[in-house]
Amino acid sequence: MSLDCGVFHTRYEADMGLRPRPLQRLRLGMLALFVLGFPFVASAYWLDLANQVAIATVGAIGLNILVGYTGQISLGQGAFMAIGAYTAGLLTLNFGVPWGASVFAACLLTAAAGTFFGLPSLRLKGLYLAIATLAAQEIVEWGMTNWTAVTGGTEAIVVPAPVLFGVRMNTNFNFYWIAVLAAAGTALFAANLMRSRIGRAFEAVRDQDIAASVIGVDVFRTKLLAFATSSFFVGLAGAMIAFHRNIITWERFTLSTSIVFLAMIIVGGLGSIRGSFLGAALITLLPAMITNVGRAIQDTAPQAASLLPYAQQAVFGIVIILFLIFEPRGLSKLWENAKDYFHVWPFAYRRGERRAA
């Protein structure tokens with residue numbers, strides 16, 4: 001005799017719900033309350049970090065759509081963010097386009113650029129596709145620094161502050177609401193996209209593109225759509241950076257930026273929206289935590305404090321290596337393990353397994 005242990009839906013609505021169980025809705029409600037109350041109690045320093053995390057979350061979700069859900073390696077994240085930032089900033093600065101319209105135009109142009117640089121994905125896979133996207137990064141980076149008539153070359157571009165209903169939105173408190181709405185909207189869109197026919201096609205191409213083609217998936221069209229969708233949100237992240245800082249410099253969109261965002265989705269978890277948020281938070285906050293530790297031990301251990309800034313890159317690399325070795329599925333999998341443990345505690349067996357009587 002055996003008993004089934006698990007969650008079994010009896011209605012289609014419950015099966016398709018994003019948060020079908022009460023505990024899931026409770027956690028979501030608690031997170032929403034925290035997000036809504038955070039800016040009223042946080043200092044300017046932590047608000048700035050929260051804005052950076054929200055912007056990084058948008059970019060990480062965009063990259064995860066391409067890499068985690070579709071299996072297409074990309075090292076051009078910094079290039080696509082640069083296209084979004086420069087397009088939004090220059091449209092507002094030189095042509096007086098309202099900042100909301102310039103952000104949308106930047107997203108569309110970045111999506112078009114992503115589609116163009118995704119054309120080699122029909123013939124290239126794996127390392128070869130990574131090299132092709134790396135070429136895109138180098139081309140855009142060269143354009144940023146040498147197309148002085150448009151980008152100003154190596155000089156910084158100062159863009160007008162975004163204004164909404166007469167209120168300047170570039171302060172940490174005001175921009176927080178824009179960043180949070182953008183991150184939440186991106187996460188909601190991605191979650192529903194992956195439950196649609198298009199999202200299932202993305203995952204089919206990731207798992208086995210030949211088998212996907214056999215069952216009727218247009219592999220080339222699906223790959224291009226993944227590049228376009230991913231680049232759209234990456235361009236949004238770049239445009240948000242432009243209006244958050246009101247200054248655009250090419251140093252913010254180099255190859256190191258592409259590597260940092262790739263690290264976010266690796267540490268957070270490939271093919272996971274939750275992992276995109278967790279990875280973006282950890283990788284963004286890690287340098288700040290190291291800096292704060294250095295300040296705390298400045299008086300007691302000045303020599304160690306002086307070495308901490310140089311150890312940031314080492315810690316960054318060690319974190320990636322440890323996750324690749326011990327938990328390749330990232331922070332999202334650790335969170336799932338914790339939930340499973342407390343779901344069955346104090347019993348020894350896990351949810352979903354069969355126990356012989």
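How much accessible surface does the protein have, and what share of it belongs to carbon and sulfur atoms? The accessible surface comes to about 19000 Å², and 68% of it belongs to carbon and sulfur atoms. Accessible areas here come from the Shrake-Rupley method with a 1.4 Å probe, and for residues only the protein chains shown count as cover.

1. A word on the model. This is a predicted model, in which local features need pLDDT of at least 70, side-chain atom pairs count only at pLDDT 80 or more, and totals for chains, interfaces and linings use all residues. Residues are numbered from 1 along each chain as its sequence is written, and side-chain values use heavy atoms, with hydrogens and water left out.

2. The overall build. The protein has 15 helices and six strands; these are DSSP runs numbered from the N terminus, with helices (H or I) of at least four residues and strands (E) of at least two. The radius of gyration is 22 Å, close to the 21 Å that the globule rule gives for 357 residues, so the protein is as compact as a globular protein of that length. That radius is taken over C-alpha atoms, and the rule is 2.2 Å times the number of residues to the power 0.38. Along the principal axes, the C-alpha atoms fill a box of roughly 75 × 60 × 45 Å.

3. Contacts along the chain. Take the contacts (heavy atoms within 4.5 Å) between residues at least 6 apart in sequence: 75% of them join residues at least 24 apart.

4. The inside. Of the 357 residues, 44% are buried; buried means under 20% relative accessible area, exposed over 50%, and partly exposed in between, with a 1.4 Å probe and protein chains only. The largest nonpolar core has 72 residues, and Val58, Met240, Ile248 and Phe253 touch the most other members. Such a core is a set of buried Ala, Val, Leu, Ile, Met, Phe, Trp, Tyr and Cys residues joined through side-chain atoms within 4.5 Å. Helix H11 (residues 219-245) gives this core its largest share, eleven residues. Leaving aside neighbours within four places in sequence, Ile248 is in contact with residues including Ala85, Tyr86, Glu155 and Phe253.

5. Threonine 222 lies in helix H11 and is buried at 6% relative accessible area. Beyond four places in sequence, threonine 222 touches Ala201, Phe202, Val205 and Val217. Leucine 286 sits in helix H13 (residues 273-296) and is buried too, at 12%. Leaving aside neighbours within four places, leucine 286 is in contact with Val315, Phe316 and Val319.

6. Two positive phi values. Asparagine 246, in the loop between H11 and strand E5 (247-248), is not a glycine but has a positive phi of about 60°. Is asparagine 246 buried or exposed? Asparagine 246 is buried, because its relative accessible area is 10%. Phenylalanine 165 also has a positive phi, near 55°, and its place is the loop between strand E3 (163-164) and strand E4 (167-168). Phenylalanine 165 counts as exposed, at 80% relative accessibility.

7. Ile318, Ile321, Leu322, Leu324, Ile325 and Phe326 make a nonpolar surface patch of about 630 Å². Patches are made of residues with over 30% relative accessible area and no salt bridge; like charges are joined within 9 Å, and nonpolar side chains (Val, Leu, Ile, Met, Phe, Trp, Tyr) within 5 Å. A salt bridge is a side-chain nitrogen of Lys or Arg within 4 Å of a carboxyl oxygen of Asp or Glu. Isoleucine 318, found in helix H14 (residues 302-326), is partly exposed at 47% relative accessible area.
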